[in-house]
Amino acid sequence: MATTMSTESSSMKDAFSKHADYLNNLNDKRERVVKASRDITINSKKVIFQVHRISKHNKEEVLQKAEKDLVAVTDRYISRLVRELQGTDFWKLRRAYSPGVQEYVEAATFCKFCRTGTLLSLDEINATLLPLSDPSLEPLQINVLDYLLGLADLTGELMRLAIGRISDGEREFADKICKFVREIYRELTHVVPLVDDSSDMKLKMDTMLQSVMKIENACFGDHVRRSEYMPLPGSDDQTSFLLAVPDVEI
Amino acid sequence: MKSAFRNAHSLFRSLNPNPNPHLASLLLPRRLTLLTPPSPPSLRPQTFPSLSATLSSASMPGGEPLTPPPLEKQFEDFRAQLEESGTLRERIRAVVMEIESTTRLMHSGLLLVHQSRSTPEVLEKPKGQIGVLKELYNRLAEVVRESPGQYYRYHGDWRTETQTVVSLLAFMHWLETGTLLLHTEAEEKLGLNDSEFCLDVEDYLVGICFMSNELPRYVVNQVTAGDYDCPRKVLKFLTDLHAAFRMLNLRNDFLRKKFDGMKYDLRRVEEVYYDVKIRGLTANGAPVEDQGPQGPP
């Protein structure tokens, strides 16, 4: 009786020491992934700030620096994530790395928009990640959910950019941002109900609508007030409503 | 209504002490221009593609025209992908619901153990359900296999049910053998040992904690029914189990919480053991049983 009891408790110990190893490894890995994610977040934020330094006359150099920084984020920090994650980890540890990846998506799409006025697609981002991983392993690919969450955050940055551009007098750029953001918002409304755990996404959609409306209101204000200003001497303002007033019939 | 209007009117007058018809007519056209913007800007909203093309060439150095199709196309793809995973999830949930109702059946069968029925009699029905569970997990594994590598994407959908399954299986196993159902054994019972769909270790551990919650009640009722040796056995088992769990470095998560709860089960069983022992209630007065849970020091 006593011997069977002790073998039983020792087999329990054996099994649990295996579980202990498993949990230790998993937790260590998760910790490393969280750290990598945090580094990605910080450095992606820096890229975004760099893009915000844009103004009428320094577009090229600002964007060049931002793009260079973004490449550095990819090479230094995303690659660390890529090395950690394999196979089922992509989904298992998603919560650990998701914030960083979202921020990275935000930075990458932000740069791309300022450069070309287009949306950087998920496939394009994932293509840039391919060279980072060992070709024999399944490569880390950003999933649709993180991409969409990143896009939702992008609108907040675009809102700031639009407001800045309006006060800088770059009306067309602001208009363009406005249209782009509206488009993204509209497309996302179709997709959000389908997202896995959509509570996070729904929250972001509300914030996003706020951002869209802020841009629209800023564009509206600019549009309306424009009519009250005399064109600056020498500026090539296309229309002057004050001068046009006498032509309007009442 | 009328007075309100009058008030508004008088307010207007007070704000405008000398309404000047000339001023009004001067103001009017401006107002109009505000409400109806002149033609060039009003063209903008409709002509999205062509305008954005001119815009990007105007404001973006080296810009290429914004072409809506890829953007729309991408979101269409997303929708298709997400719809697909949505239907997969629905199918998973359908199986999980069956698993859940099976476990409820098993659980209610096992509850008879508290009504002093003999163990083999109690186990008979729930044991029959293990085969059903095995079959259901097989189906679940088949569904999940359709999207390889995404086990953990849908894991939350069967997590709690699986924890319950483990707790029931472990309890039954313990009733039968007096030993702990090991992870590999649990997988074997569910037919998961050589499939890609595995039993998550943390789910297994949480399930074991759930099983431990069942033991205090079992001990109390067994003693009431006259089985005075039961507390010693349970205490020994639970002490070992608790010691085994202490080998794990847990994070501040659900499992940790459950493990923290286990010590209350242990304490309760200790109390029962104490109550029985201090009154000298022993099974058939057999002296061997008096060794105590830890064995000789």
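Let me start with what I mean by buried: a residue counts as buried if 20 or more other C-beta atoms lie within 10 Å of its own, as exposed if 12 or fewer do, and as partly exposed in between, with the C-beta atoms placed from the backbone. By that count, buried residues make up 38% of the 250 residues in chain A.

Some housekeeping. This is a predicted model, where local features need pLDDT of at least 70 and side-chain atom pairs count only at pLDDT 80 or more, while totals for chains, interfaces and linings use all residues. Residues are numbered from 1 along each chain as its sequence is written, and chains are lettered from A and ligands numbered from 1 in the order in which they are written.

Okay, chain A. It has 9 helices and 0 strands; helices here are DSSP runs of H or I, at least four residues, strands are runs of E, at least two, and both are numbered from the N terminus. I'll say two residues are in contact if their C-beta atoms, placed from the backbone, lie within 7 Å. Take the contacts in chain A between residues at least 6 apart in sequence: 74% of them join residues at least 24 apart.

Next, domains, whose bounds come from an automatic or database domain assignment. For chain A we get domain 1 (31-142) and domain 2 (143-228), and their centres, taken over C-alpha atoms, are separated by 21 Å. Where they meet, 16 residues of domain 1 are in contact with 17 residues of domain 2. On the domain 1 side, helix 1 (2-52) and helix 4 (94-116) are the elements that give two or more residues, and helix 4 has the largest share, 8 residues.

So what about helix 4 of chain A, is it mostly covered or open? Mostly covered: 17 of its 23 residues are buried.

Now the inside. A nonpolar core is a set of buried Ala, Val, Leu, Ile, Met, Phe, Trp, Tyr and Cys residues joined through C-beta atoms within 7 Å. The largest one has 65 residues, and A:L81, A:C111, A:L148, A:A162 and A:I177 touch the most other members. Several helices of chain A give it two or more residues, and so does helix 5 (68-110) of chain B. Which helix gives the most to this core? Helix 6 of chain A, with 13 residues. Both domains of chain A take part, with at least three residues from each. As for A:A162, leaving aside neighbours within four places in sequence, its contacts are A:A174, A:I177, A:C178, A:I215 and A:A218. Apart from that core lies another, of 57 residues, with B:V144 and B:V272 among them.

Last, chain B. The assignment gives domain 1 (78-199) and domain 2 (204-297), with C-alpha centres 26 Å apart. Here 15 residues of domain 1 are in contact with 14 residues of domain 2. On the domain 1 side, helix 8 of chain B brings the largest share, 7 residues.
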